Amino acid sequence: SEWVKAIEMYRQERRRGKAREQSRKAAERNVSQMLSLTLSGAVYAWRQHVHEKKAETMHKKQTETLGMMLGGGEGPILLTRCFNGWHEQVLERHHREETEKFLH
């Protein structure tokens, strides 16, 4: 009967509509996942870049500081301090040895 055919056509059209909707939603999910991965990759790359720049800046500052301590700037601060410390140790040892000689 015509009525049964009409109902069957309606059901088929409805199934096709649901299938199209499911396909559309699946495509949207895929696009969303791809965008998410792309965005995650971009954020990761950006963070790596920032980390490398910070490390580079820190290394440059340390190198400049060490350069100043070893002879740049107003004078060789580290070298002077090392020499003064060594000199104090030598004087103390010499004083101890002289004291021991005197007491024995």
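Reply:

H49 is found in helix 1. Helices here are DSSP runs of H or I with at least four residues, strands are runs of E with at least two, and numbering starts at the N terminus. This is a predicted model, where local features need pLDDT of at least 70 and side-chain atom pairs count only at pLDDT 80 or more, while totals for chains, interfaces and linings use all residues. Residues are numbered from 1 along each chain as its sequence is written, and side-chain values use heavy atoms, with hydrogens and water left out.

Stay with H49 for a moment. H49 counts as partly exposed because its relative accessibility is 43%. The classes are buried (under 20% relative accessible area), exposed (over 50%) and partly exposed (in between), computed with a 1.4 Å probe on protein chains only. Now look back along the chain to R11. H49 and R11 are 38 residues apart in sequence, and their C-alpha atoms are separated by 56 Å.

Y10 also sits in helix 1, which covers residues 2-70. Its relative accessible area is 53%, so Y10 is exposed. From Y10 to R20 is 10 residues in sequence and 15 Å in space, C-alpha to C-alpha.

Next, the charged pairs. Side chains of opposite charge can pair when their charged atoms come close. The term used here is salt bridge: a side-chain nitrogen of Lys or Arg within 4 Å of a carboxyl oxygen of Asp or Glu. The whole structure holds six of them.

Take R24 and E21. Their side chains meet in a salt bridge at 2.4 Å, N to O. Both residues lie in helix 1, three residues apart, which is about one turn of the helix. R24 is partly exposed because its relative accessibility is 38%. E21 has a relative accessible area of 31%, so E21 is partly exposed.

E56 and K53 form another salt bridge, with the closest N and O atoms 3.9 Å apart. The spacing is three residues, about one turn, and both partners lie in helix 1. E56 has 46% relative accessibility, so E56 counts as partly exposed. K53 is partly exposed because its relative accessible area is 41%.

Salt bridges with shared partners also join E13, R16 and R20 into one network. Within it, R20 pairs with E13, the closest N and O atoms being 3.3 Å apart. E13 is partly exposed because its relative accessible area is 39%.

Now the nonpolar side. L39, V43 and W46 make a nonpolar surface patch of about 350 Å². Patches take residues with over 30% relative accessible area and no salt bridge; like charges are joined within 9 Å, and nonpolar side chains (Val, Leu, Ile, Met, Phe, Trp, Tyr) within 5 Å. Areas come from the Shrake-Rupley method with a 1.4 Å probe, and for residues only the protein chains shown count as cover. V43 is in helix 1. Its relative accessible area is 43%, so V43 is partly exposed.

Finally, step back to the whole protein. It has two helices and zero strands. The C-alpha trace spans about 135 × 35 × 10 Å along its principal axes. The radius of gyration is 40 Å, whereas a compact globule of 104 residues would have one near 13 Å. That radius is taken over C-alpha atoms, and the globule rule is 2.2 Å times the number of residues to the power 0.38. Buried residues make up 1% of the 104. The protein exposes about 10000 Å², and carbon and sulfur atoms supply 61% of that.
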